[in-house]
Amino acid sequence: MSDIFSGTIPALMTPCKADRSPDFDALVKKGQELVGLGMASVVYCGSMGDWPLLTDAERMEGVERLVKAGLKVIVGTGAINTASAVALAQHAAKVGAHGLMVIPRVLSRGSVPAAQKAHFKAILSAAPNLPAVIYNSPYYGFETKADLFFALRAEHPNLIGFKEFGGNAALTYAAENITSADDGVTLMIGIDTSVFHGYVNAGATGAITGIGCVLPREILTLVNLCKAAAKGDVKARRLAKELDEALYELARVDGEPDLVLYFKHMMVLKGNPEYRLHFNETDALSPSQAGFIEAQLKLFDAWYAEWSQQGDVKPYLA
């Protein structure tokens, strides 16, 4: 249906104004900046966008503002009930968004496959012309397996793939059991520690990234290397592993409950003060957490400044 689920796609965070309301001007500016650097599109509003802390109206405004700015937008459908998720999907289609990231039902009957199937079907039916991927994450308390995926796809051709957040083993499961038989089914890497494995070993077509908001050129370079490695480029494989390893301590926070706090702090360190505040005033890294991530970012920046000057690396730089 679309190539929207390919390439490197930042999961946008929601900046705050001084009154802790969403700063949509800053949101759009950052989206435009990242796409200008080579990102394929943007995701809003997933976990990185703090969807549980925003009203549906605020989320819809963010989506509409991004679309009106000319960006390709994939919309997260996370909600505390199916009716809200359906409304978000309908709004995405109405304002011209380009895809859906369908998040499982949470809190109520989240572990029940029949309930999840009904939830997914309602969202997919609400925007049948928008290509969609299921956001598969153990953190939501439910993992979509091959039988449910293909049952849904048989009735909803707009379901074209997976965003897999479960790590390397989950990416391997998806590749082995779901996405490798049909080029029409795509696999998106959904966690920053699995970029190498996803591209090289699991045949992923794209990556939805959190750390890419902080280090866009570095992540685009990693993806360039991984794509080349997936084609058998020996040099690219070695360099991709070096960069992947160097990024690990920064990337692994993508799988932690404080991921937005970490990434917003790194954004501030990189010269983006509009990410200093959180929607809940009490949400904050501990002094030790802040010190740790500051040291890791400083270490990585120093390493990358030298590593990227190597002659072998330069052809792959973003």
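Residues are numbered from 1 along each chain as its sequence is written, and side-chain values use heavy atoms, with hydrogens and water left out. As the model is predicted, local features need pLDDT of at least 70 and side-chain atom pairs count only at pLDDT 80 or more, while totals for chains, interfaces and linings use all residues.

Let's start with the helices, which are DSSP runs of H or I with at least four residues, numbered from the N terminus (strands are runs of E with at least two). Helix α2, residues 56-68, packs against helix α3, residues 82-95, at an angle of about 20°, and their axes are 10 Å apart. Axes here are lines fitted to C-alpha atoms over the stretch in contact, and angles run from 0 to 180 degrees between N-to-C directions. So α2 is roughly parallel to α3, a label for angles under 35 degrees.

Who makes the contact, meaning heavy atoms within 4.5 Å? From α2 come Asp56, Arg59, Met60, Val63, Glu64 and Val67, and from α3 come Ser84, Ala87, Leu88, His91 and Val95. By class, that contact has six nonpolar, two polar and three charged residues. Nonpolar covers Ala, Val, Leu, Ile, Met, Phe, Trp, Tyr, Cys and Pro; charged covers Asp, Glu, Lys and Arg; the others, Gly among them, are polar.

Now, the largest pocket: its lining has 16 nonpolar, eight polar and six charged residues. The largest share of that lining, three residues, comes from α11.

Technical notes:
Angles under 35 degrees count as roughly parallel, over 145 as roughly antiparallel, 65 to 115 as roughly perpendicular and the rest as oblique. Contact means heavy atoms within 4.5 Å.
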